[in-house]
Amino acid sequence: CFQAEFSLSNMGDDISLNFRQKLLLIDDNLGTEDVAALKFLCLDLIPFKKLESAQSALDIFQLLMAEEYLNEEDTFLLAELLYRIKCHFLLQKLNYTKERVQEYLPEKGRVSPYRQMLYELAENITSDMLKEIIFLLRDHLPKRQPIFSALKLLILLEKQGLLTESNVKMLEEICTSVSPDLLETVNSYKREKDVICKLTSSYNALWRNYKHTWEKVLLLASLIYYLFLLLVSLPRQENTLPIKESSRPGSTKVFSSPQVHWSACCLLDFFPFSFLQKLTSYKMDGPKRGFCLVINNVKFDGYLGERKGSCKDAGELKQVFTWLGLEVEIYKDQTAKEIKDLMEIWQDSEKHINRDCFICCILSHGESGAIYGKDGELISIRTIMSYFTAKQCPALAEKPKLFFIQACQGQKIQCPVYVEPDAQVPKLPSVQQKISPFESIPEEADFLLGMATIDGYASFRHVEQGTWYIQALCSKLQLLVPRGEDILSILTEVNEDVSRRADSLGKKKQMPQPAYTLRKKIIFPVPRDPPPS
């Protein structure tokens, strides 16, 4: 404690006691791994030799202040760093909230997309993966220098010039050998850089092709406007140019340049990626997120058995989608006609005005391309979704419409007592031919259909814990929405989760299948409250 107070006292006499106390409190709550993460995220801002000697968070704070990145009036960089290492509970010490940091990231963020990508990789590299990577790189790494963490490994690769912002080839090779999931993180970073380059080329091409002066004036005016938005947020001590360049919320690239060159390369540096994000993501930040319907069929008339455990799924869905900002309505034990009637009611455009999206979850028994009402009558998934086309529901035009179907798409399979399939009895023939999920989607844009299983197969449900698919969906939404992942990336993780599950004998498996006509990414805003479970 004495050492901490001594270090802090040397930061400058102009710092108020209150500010010093805040930094001390933050330091007290950060562990060794947190300090290592802070150092790594600051590598583009502070010379490595200076950071290398930092032993505590206070040392890092002192370096940031010396470089004029941190002072009593402007603590945003520290707030951003705490946000990125997920120490959200410390933001209140700086009078920030997680939501407020997210709001300011586009204009104030300083951690580059490259650094964010590396940090995300490090967070997802397990100890076993790290051992594999070290073995693969044994000829490139110092033989007498122990490597205890993924961050340390990445720093070594950067020091040796094997890894740079413009050259991630070695990372790609490593990830290809160790984990395809890690490779996707690198590929996503590369794709965003490619998009920026294409946009730059488009600007230059427009300028060359415009023949009328007024067209060039408008183009130049728009560019100057965007430049103004960028320049007003620049630090005064240097010419630091921020651009937003990643699909993840708040990803901002920052670098320094002693002069400005009006060329294609410089235009790439200036282009406002917030504009690109609006082009590539659906608007999901309106005053009201939207409605989520949950149709939960548990008890059925006739030969279809009770779907024990389904209420667990319905409860989880309500908690998670309420957490994501949607108004959830649950309807239990609906006949086929009642489901159609519900669709007609919710088709009313007035309900969806000023809302970002619409979600419908159906939990029932099913057949190929259809689900059962409680009366044993089938209703096709395509029919259900067609109520919300742009023509039938204009208020949802160009807005994402998500449907999650937990139901078998084939014949019943005999299973152990705690695992039951959502299907009809095998002796009763299916009344429909097999239909792929893509055939169930209406022939227009902005639909997503998440199926619990591929066509012709059963999906499984634990009589107490609920279905594999819905439980995985709820779990991954809670885990990955705070990380800024889009819905298709989340559903890929759901596929991975469900595919690893099996019945008690290890013989029954399941593979979900999403199908979609989405034009953009769906990225839910990070909720203010922590995940419900």
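1. Let me start with helix 16, where Ser310, Asp313, Ala314, Glu316, Leu317, Val320, Phe321 and Trp323 are buried. An α-helix has 3.6 residues a turn, so residues three or four places apart point the same way. Do keep in mind that this is a predicted model.

2. Following the helix comes glycine 325, with a positive phi near 100°.

3. Two backbone spots deserve a look. Most residues other than glycine have a negative phi. Glutamate 68, although not a glycine, has a positive phi of about 65°. Its place is in the loop between helix 5 (57-66) and helix 6 (76-84), and glutamate 68 is exposed, at 52% relative accessible area.

4. The other spot is aspartate 446, which is not a glycine either, yet has a positive phi of about 80°. You will find aspartate 446 in the loop between helix 19 (437-440) and strand 11 (447-451). Is aspartate 446 buried or exposed? With a relative accessibility of 4%, aspartate 446 counts as buried.

5. Of its 533 residues, 51% are buried. Among contacts with a separation of 6 or more, 72% link residues 24 or more positions apart. The accessible surface comes to about 25,900 Å², and carbon and sulfur atoms account for 52% of that surface.

Terms used. Residues are numbered from 1 along each chain as its sequence is written. This is a predicted model: local features need pLDDT of at least 70, side-chain atom pairs count only at pLDDT 80 or more; totals for chains, interfaces and linings use all residues. Side-chain values use heavy atoms; hydrogens and water are left out. Buried means under 20% relative accessible area, exposed over 50%, partly exposed in between (1.4 Å probe, protein chains only). Contact means heavy atoms within 4.5 Å. Accessible areas come from the Shrake-Rupley method with a 1.4 Å probe; for residues, only the protein chains shown count as cover. Helices (H or I, at least four residues) and strands (E, at least two) are DSSP runs, numbered from the N terminus.
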